[in-house]
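Dear colleague,

Please find below the structure that I am handing over to you. My notes on what was found in it follow directly after.

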Amino acid sequence: MTKPLNVGLIGYGFMGRTHSNAYRQVSKFFDLGHEPVLKACCARNEDKIKAFAENWGWESYETDWKKLVERDDIDLIDIGSPNNTHYEIAIAAAKAGKMVICEKPLAMNVKEAEEMVAAVEEAGVANMVWYNYRRVPAITLAKQLVDEGRIGRPFHYRATYLQDWTINEDVPQGGATLWRLDAAVAGSGVTGDLLAHSIDTAIWLNGPITSVVAATETFIKEREHAETGKKQAVTIDDACMFLARFANGSMGTFESTRYARGRKNFNTFELNGADGSVHFNLEDPHLLSYFEYKNPTTGHKVEDHVTGWRDINVTNFEHPYMDKWWVPGCTIGYEHTFTNAVADFIAGLDSGNGTEPTFRTALETQKVCDAVLESAKSGNWVDIK
Ligand SMILES: NC(=O)c1ccc[n+]([C@@H]2O[C@H](COP(=O)([O-])OP(=O)(O)OC[C@H]3O[C@@H](n4cnc5c(N)ncnc54)[C@H](O)[C@@H]3O)[C@@H](O)[C@H]2O)c1
């Protein structure tokens with residue numbers, strides 16, 4: 001018998017939509033022990049949250065997240081609101097005994113993140129952070145190739161996360177839609193928004209990062225505030241580049257900007273090892289490029305006149321998640337990463353084993369983000385403790 005999982009969602013924006021879609025789809029495609037019930041959604045603007053609830057089929061709505069957290073008919077609080085709200089909501093939800101899943105980055109800084117980890121662990125509630133790129137089948141396949149020993153001793157990890165939507169100096173900052181450009185709400189610029197994803201993926205594929213040295217830049221120093229119309233200093237990092245050392249002895253480079261003309265969501269990584277390499281680009285999400293030098297099963301070294309990179313079309317039934325979707329050759333997309341994530345969260349609930357990345361796992365990414373920002377200020381290498 002499938003049990004209901006009563007969801008309370010906070011935020012009706014970009015993530016409010018992806019999460020709502022995932023809750024509606026997941027039980028149609030995955031065979032799970034719990035079925036999400038769209039119990040209540042929440043945001044401060046009553047007209048907008050009411051319209052959102054009607055559009056997506058939420059049973060009810062609230063305009064104060066504290067009321068949502070207190071409701072007896074809610075099992076799971078899903079935080080899809082800006083970064084400066086995560087801490088207070090997650091701690092209140094854990095104290096109320098609710099499961100909590102929270103958008104990334106987990107918090108504004110390590111101090112907040114540590115308290116959030118303590119809160120969910122003391123309450124003993126299931127928790128997860130929406131690092132949804134782990135659920136892109138091609139990225140999950142990359143993890144599988146690493147675990148199968150196909151990369152061998154790793155030497156280099158190379159990540160980029162490039163966009164171009166803030167190049168125009170007339171783009172304002174702050175307010176309901178442009179809070180990402182205001183450090184008081186976002187915590188940081190591209191470091192917490194984009195590199196947090198790259199760091200989570202890197203740690204997942206290549207293990208812990210031990211130290212970093214970084215440089216950041218704010219290209220446009222002043223922008224109008226979206227609410228006051230007044231020009232004021234820009235407080236976020238527009239671009240960030242950092243070098244990293246991994247515990248396994250490999251080296252990494254990470255680059256992120258919102259000033260790479262023509263790049264929209266250019267989230268890439270490449271891992272080079274002694275026995276093979278993998279490369280991925282989110283703008284071509286169904287492909288994983290793989291270079292095989294040594295096959296770990298046969299020990300055979302592939303070194304002849306047809307040796308080369310191959311693009312694996314990650315749509316076959318034997319590929320991660322793909323037996324749940326369509327037929328080989330039919331691609332899935334961005335929204336499915338959220339559905340796959342909900343499916344994994346529920347599977348963790350069904351088995352009692354939980355699901356990665358937990359708040360504790362996401363704390364490691366937060367530590368790297370904080371170290372990157374500290375290093376950008378001091379110019380020194382910073383160890384991750
Ligand atoms: N996993 C991903 O790939 C991904 C992508 C985009 C955003 N995010 C993260 O998701 C979160 C939300 O981002 P978004 O792009 O959906 O933002 P958004 O601006 O589109 O939506 C934010 C929503 O939060 C609501 N909100 C703000 N303050 C609130 C409060 N005090 N109480 C209740 N509701 C409140 C707003 O009304 C809005 O509905 C951020 O933490 C962001 O970093 C993650």
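Leaving aside residues up to four places away in sequence, Lys264 touches Gln163, Asp164 and Glu283; two residues are in contact here if their C-beta atoms, placed from the backbone, lie within 7 Å. Lys264 sits in the loop between strand E12 (251–257) and strand E13 (266–273). Helices (H or I, at least four residues) and strands (E, at least two) are DSSP runs, numbered from the N terminus. Lys264 counts as exposed because it has 12 C-beta neighbours inside 10 Å. By definition, a residue is buried if 20 or more other C-beta atoms lie within 10 Å of its own, exposed if 12 or fewer, and partly exposed in between, with C-beta atoms placed from the backbone. The C-alpha atoms of Lys264 and Tyr161 are separated by 9.2 Å, although these residues are 103 residues apart along the chain.

Please note that this is a predicted model, in which local features need pLDDT of at least 70 and side-chain atom pairs count only at pLDDT 80 or more, while totals for chains, interfaces and linings use all residues. Residues are numbered from 1 along each chain as its sequence is written.

The chain as a whole

The protein chain has 10 helices and 17 strands. Its radius of gyration is 21 Å, close to the 21 Å that the globule rule gives for 385 residues, so the chain is as compact as a globular protein of that length. The radius is taken over C-alpha atoms, and the globule rule is 2.2 Å times the number of residues to the power 0.38. The C-alpha trace spans about 65 × 55 × 40 Å along its principal axes. Of the 385 residues, 46% count as buried. Among contacts with a separation of 6 or more, 70% are between residues 24 or more positions apart.

Which residues are the closest to the ligand? They are Gly11, Gly13, Phe14, Met15 and Glu103, in a shell of 22 residues; a residue belongs to this shell if its C-beta atom, placed from the backbone, lies within 6 Å of the ligand. By class, the shell has 9 nonpolar, 9 polar and 4 charged residues. Ala, Val, Leu, Ile, Met, Phe, Trp, Tyr, Cys and Pro count as nonpolar, Asp, Glu, Lys and Arg as charged, and the others, Gly among them, as polar. Helix H1 (residues 14–29) gives the largest share of the shell, 3 residues.

H1 also meets helix H9 (residues 334–351): their axes come within 8 Å and cross at roughly 60 degrees. These axes are lines fitted to C-alpha atoms, for helices over the stretch in contact, and angles run from 0 to 180 degrees between N-to-C directions. On the H1 side, the residues of the contact include Thr18, Ala22 and Phe29, and on the H9 side they include Phe338, Val342 and Ile346. The contact divides into 9 nonpolar, 5 polar and 1 charged residues.

Asp350 is also part of H9. Asp350 counts as partly exposed, with 13 C-beta neighbours inside 10 Å. Not counting residues up to four places away in sequence, Asp350 touches Leu32, Gly33 and His34.

Helix H6

Is helix H6 (residues 137–147) mostly covered or mostly uncovered? H6 is mostly covered, as 8 of its 11 residues are buried. Among them are Ile139, Leu141, Leu145 and Val146. The buried residues of H6 pack against helix H8 (190–206), strand E14 (276–281), strand E15 (287–292) and strand E16 (310–313). Just after H6, Gly149 takes a positive phi of about 80 degrees.

Backbone details

Two peptide bonds deserve a note. The bond from Lys104 to Pro105 is cis, with omega near -15 degrees, and Pro105 lies in the loop between strand E5 (99–102) and helix H5 (110–123). Glu356 and Pro357 are likewise joined by a cis peptide bond, with omega about -5 degrees; Pro357 is in the loop between H9 and helix H10 (359–378).

Tyr321 has a positive phi of about 65 degrees although it is not a glycine. Tyr321 lies in the loop between E16 and H9, and it counts as buried because it has 21 C-beta neighbours inside 10 Å.

With kind regards
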